Amino acid sequence: VVFKKSSKASYLVAKEIADLIRSKNSKGEKCVLGLATGSSPIRVYEELIKMHKEEGLSFKNVITFNLDEYLPMNPSSIHSYHYFMHENLFNHIDIPEAQIHIPDGTISQEEVNDYCAAYEEKIAACGGLDFQLLGIGRTGHIGFNEPGSHYNSATRSITLDQLTREDAASSFLGIENVPKKAITMGVGTVTNAKRIVLLGWGHKKAEIIKQTIEGEETAQIPATYLQDHPNTTFVLDTEAASML
Ligand code: GLP
């Protein structure tokens with residue numbers, strides 16, 4: 001779906017999430033959301049905060065799982081996705097802290113495999129993801145599933161691609177400060193979600209959006225695996241869709 005303005009698109013995505021939360025609430029069910037960081041979802045989070053404040057949208061029955069976190073990364077660092085999510089969403093809504101899950105960037109190399117398996121089990125124990133919000137990296141990554149990620153990969157630690165680290169360099173004040181690794185949900189974890197919405201804004205994303213939607217499915221562009229998912233929508237602005 002292509003919109004002239006990402007603001008309108010973000011509002012409609014937030015509305016879909018709000019409607020899902022309300023429908024789950026009315027049935028007394030939990031709503032399990034997979035959430036993303038980066039600049040793309042910020043406006044969606046702003047709209048959700050507005051709906052919480054102005055319409056009383058409650059997140060008390062919402063359980064969240066974030067896609068990824070840098071490794072190593074202290075949760076209190078301003079560069080952490082833990083910090084990002086609290087600043088941009090969680091500090092402004094009524095979600096209980098115990099229902100928030102973000103991969104722990106302080107985990108040691110020895111413990112990381114068990115930690116990732118446990119993260120995966122927690123998602124399964126909640127009945128899987130009802131809705132997964134995604135951005136896309138210029139390498140074609142979703143979460144931090146860099147080129148080479150298998151279609152049924154699970155939550156694991158991964159080495160970041162050079163381009164991904166370059167794109168993050170300005171916010172870290174230099175590429176040398178960008179961590180070399182990350183923990184990410186797998187492509188399989190993401191594509192197990194019942195519903196997926198991928199956001200793409202701006203010219204910088206046009207080339208990878210074209211390859212993702214029109215190209216062959218390939219591990220070299222992990223986002224192409226979304227082509228097989230039965231309930232995925234790419235929500236784009238005119239610039240990101242300009243090469244389609
Ligand atoms: C990071 C995140 C991804 C995100 C991507 C795009 O690499 N790990 O989940 O989709 O950046 O970020 P942005 O939305 O800022 O373009």
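Two residues count as being in contact when their C-beta atoms, placed from the backbone, lie within 7 Å. Keep in mind that this is a predicted model.

**Exercise 1. Work out which residues of helix H4 are buried, and what covers them.**

Step 1: Find H4, which runs over residues 112-125. This helix of 14 residues reaches 20 Å from its first C-alpha to its last, close to the 20 Å expected at 1.5 Å a residue.

Step 2: Pick out the buried residues of H4, which are Cys116, Tyr119 and Ile123. They span an arc of only 55 degrees around the axis, so they sit on the same side of H4. Here's the background: an α-helix has 3.6 residues a turn, so residues three or four places apart point the same way.

Step 3: Turn to the other side of H4, where Asp114, Ala118, Glu121, Ala124 and Ala125 are exposed.

Step 4: See what lies over the buried residues of H4. The cover includes strands S3 (62-66), S7 (156-159) and S8 (181-184), along with helix H6 (187-191).

**Exercise 2. Describe the largest nonpolar core and the contacts of Leu134.**

Step 1: Size it up: this core has 62 residues. Val13, Leu134, Val197, Leu198 and Val235 have the most contacts inside it.

Step 2: Zoom in on Leu134, leaving aside its neighbours within four places in sequence. Leu134 is in contact with Ala36, Ile142, Ile196, Val197, Leu198 and Leu199.

**Exercise 3. Decide whether Arg43 and Leu173 are buried or exposed.**

Step 1: Recall the cut-offs: 20 or more other C-beta atoms within 10 Å make a residue buried, and 12 or fewer make it exposed.

Step 2: Arg43 sits in helix H2 (residues 42-55). Arg43 has 20 other C-beta atoms within 10 Å, so it's buried. Not counting residues up to four places away in sequence, Arg43 touches Ser6, Ser7 and Ser10.

Step 3: Leu173 is in the loop between helix H5 (162-169) and S8. With 10 other C-beta atoms within 10 Å, Leu173 is therefore exposed. Its phi is near 55 degrees, a positive value in a residue other than glycine.

**Exercise 4. Find the residues that surround the ligand.**

Step 1: There are 13 of them, and the closest are Gly38, Ser39, Ser40, Gly135 and Gly137.

Step 2: Sort this shell by type, and you get four nonpolar, eight polar and one charged.

Terms used: Residues are numbered from 1 along each chain as its sequence is written. This is a predicted model: local features need pLDDT of at least 70, side-chain atom pairs count only at pLDDT 80 or more; totals for chains, interfaces and linings use all residues. A residue is near a molecule or strand if its C-beta atom, placed from the backbone, lies within 6 Å of it. Ala, Val, Leu, Ile, Met, Phe, Trp, Tyr, Cys and Pro count as nonpolar, Asp, Glu, Lys and Arg as charged, and the others, Gly among them, as polar. A nonpolar core is a set of buried Ala, Val, Leu, Ile, Met, Phe, Trp, Tyr and Cys residues joined through C-beta atoms within 7 Å. Helices (H or I, at least four residues) and strands (E, at least two) are DSSP runs, numbered from the N terminus. The expected span of a helix is 1.5 Å times one less than its number of residues. The arc is that of the directions from the helix axis to the C-beta atoms.
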